[in-house]
Amino acid sequence: MATYNSEDVLLQAPAEAVFSKLSNLENLRSLLEKVPADKIPADKMEMFNSITITPDAITVPGGPVGALTFRVKEKVEPSLIRLVGEGSPVPLSLAMHISPDSETTSKAKVVIDIDIPAMLKPMVGGHIQKMADQFGQVLKAIPFA
């Protein structure tokens with residue numbers, strides 16, 4: 001199992017508010033609706049519009065490999081939300097670690113664990129690290145208030 005960590009990101013909301021917003025994945029729907037159409041490449045628009053969200057899962061179409069579902073596997077209020085991949089070719093999980101920073105701010109880190117063969121790690125490791133970093137940056141853009 002390989003582990004990829006984002007940097008800690010400072011969020012302008014207390015840990016409890018961050019956990020509350022992220023622990024129900026349907027709260028992400030309003031964020032997707034606010035993404036400007038011109039920010040989505042034309043060849044990805046159909047895939048973007050096919051994302052489905054429930055309170056405990058988000059499913060993204062995956063083209064030839066099929067859809068990938070991330071389902072909430074574990075919640076520890078207010079410090080951890082762990083999602084596991086379903087339908088992926090290899091076992092993977094994505095965890096959001098949340099810690100208080102002050103009364104009005106918190107820190108978060110995204111951790112991706114993925115079971116990739118050692119020979120593929122050099123080819124895909126950089127991409128997975130970039131994905132972890134991007135998830136961390138997305139957390140900074142979420143309005144938690």
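Predicted model: local features only at pLDDT ≥ 70, side-chain atom pairs only at ≥ 80, totals over all residues.
**Notebook: strands, a core and one glycine**

I started with strand 4, and found 4 bridges joining strand 4 to strand 5 (residues 68–76), with the two running antiparallel.

Ile 58 has Phe 70 as its bridge partner in strand 5.

Then I checked what else strand 4 (residues 57–60) pairs with. Strand 3 (residues 52–54) is joined to strand 4 by 3 bridges, and this pair is antiparallel too. Thr 52 sits opposite Thr 59 in strand 4. How many residues lie between strand 3 and strand 4 in their hairpin? I got 2 residues.

On to the inside. The largest nonpolar core has 31 residues, and Leu 22, Leu 83, Met 96 and Leu 139 touch the most other members. Several elements each give this core at least two residues, among them helix 1 (15–23), strand 5 and helix 4 (121–141).

Skipping neighbours within four places in sequence, Leu 22 is in contact with Leu 28, Ile 81, Met 96, Leu 139, Ile 142 and Phe 144.

Last stop, Gly 87, in the loop between strand 6 (80–86) and strand 7 (92–100). Is Gly 87 buried or exposed? Gly 87 counts as exposed, because its relative accessibility is 58% and the cut-off for exposed is over 50%. Again leaving out neighbours within four places in sequence, Gly 87 is in contact with Ala 67 and Leu 68. I also checked Tyr 4, which is 83 residues from Gly 87 along the chain; their C-alpha atoms are 20 Å apart.

Terms used. Residues numbered from 1 in each chain as written. Heavy atoms only, no water. Buried < 20%, exposed > 50% of the residue type's maximum accessible area, 1.4 Å probe, protein only. Contact = heavy atoms within 4.5 Å. Pairing = 2+ DSSP bridges. Core = buried A, V, L, I, M, F, W, Y, C linked by side-chain atoms within 4.5 Å.
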